[in-house]
Amino acid sequence: MAHTPTLPETPAELAALLDRHAYLCDDGLATACFLALRMGRPLFLEGEAGVGKTELAKTLAAVLGAPLIRLQCYEGLDASQALYDWDFPRQLLHLRAAEAAGIGDVRRLEGELYDRRFLLARPLLRALETAPSVLLVDEIDRADDEFEAFLLEVLSDFTISVPELGTVRAERPPVVVVTSNRTREVHDALKRRCLYHWLEHPTFDREVAIIRRRLPAATDRLAGQVARAAQRLRTAGLLKPPGVAETLDWTEALVTLGARELDPDTAAVTLGTVLKYREDQDRVTSRGLDALLNGG
């Protein structure tokens with residue numbers, strides 16, 4: 001029998017559990033996450049790319065000791081790709097095997113073809129059939145309006161109808177985290193179904209703490225310099241300002257090179273770990289890396 005996760009008693013307790021898994025969150029995010037768990041509501045996280053939305057879902061799964069089931073959204077995603085599909089190659093092999101065995105009972109064969117063993121469970125169905133589980137619906141803003149409406153229907157009662165088999169109802173609804181980078185506005189109906197939280201880029205002190213927590217090999221000076229540079233990059237009008245993920249990549253690259261502090265020469269050769277557009281790199285280097293590192 002699947003275990004039932006022990007839920008934290010307070011937002012502070014949840015924050016401490018997340019911290020044990022190297023995810024540092026502020027009081028607002030810890031409270032939103034705590035309420036979503038206690039109220040059994042999906043948590044809708046919105047914010048710039050790289051601020052830790054997806055990472056929160058992964059860490060929450062680790063805290064709860066539950067598998068993470070991820071549905072990555074994209075333009076053109078439809079219900080069959082998110083729900084289930086029939087394994088046509090296996091069904092065909094079954095038909096050929098039955099034919100070779102001389103089985104001619106058409107009704108029996110039809111029943112066998114749509115047996116559960118031939119059903120390929122996609123993320124939404126897997127999440128309903130797995131208890132406990134954490135369902136991550138990642139970047140819902142990349143999906144079409146039609147899929148968004150369909151997702152709302154699934155999240156309303158956590159049931160899925162498979163015409164050939166009947167209705168599948170979650171024994172225990174999954175913990176649901178929905179993320180959006182806000183490339184388009186998500187409809188109010190879906191947001192109303194969820195608890196909402198906007199994730200900001202971390203403050204300087206919190207970003208230093210995240211770097212030191214994730215990369216203890218980094219010196220205090222290096223962590224502070226990288227965090228300060230990342231904070232400045234986010235106000236430089238770039239096409240893609242760096243998120244925490246890029247800050248950590250940059251720090252890890254510097255640690256790998258044996259750097260104990262960040263200087264213009266080292267920054268120049270590692271800029272591709274934090275800025276992923278040529279235009280952004282050109283803009284920063286044209287202003288001078290001294291300005292980035294020293295605030296000039």
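Modeller: Buried means under 20% relative accessible area, exposed over 50%, and partly exposed in between, with a 1.4 Å probe and protein chains only. This is a predicted model, in which local features need pLDDT of at least 70, side-chain atom pairs count only at pLDDT 80 or more, and totals for chains, interfaces and linings use all residues. Residues are numbered from 1 along each chain as its sequence is written, and side-chain values use heavy atoms, without hydrogens and water.

Biologist: Which residues of H5 are buried?

Modeller: Helices (H or I, at least four residues) and strands (E, at least two) are DSSP runs, numbered from the N terminus. In H5, the buried residues are Gln-91, His-94 and Ala-98. They lie on the same side of H5 because they cover an arc of only 55° around the axis, the arc being that of the directions from the helix axis to the C-beta atoms. Pro-89, Leu-93, Arg-96, Glu-99 and Ala-100, on the other side of H5, are exposed.

Biologist: At what angle do helix H1 and helix H3 pack?

Modeller: Axes are lines fitted to C-alpha atoms, for helices over the stretch in contact, and angles run from 0 to 180 degrees between N-to-C directions. Helix H1 (residues 11-20) and helix H3 (residues 53-64) pack at about 100°, with their axes 9 Å apart. H1 is therefore roughly perpendicular to H3, a term for angles of 65 to 115 degrees.

Biologist: Which residues make the contact?

Modeller: Contact means heavy atoms within 4.5 Å. Leu-14, Leu-17 and Leu-18 of H1 meet Leu-56, Thr-59, Leu-60 and Val-63 of H3.

Note on methods: Parallel < 35°, antiparallel > 145°, perpendicular 65-115°, else oblique.
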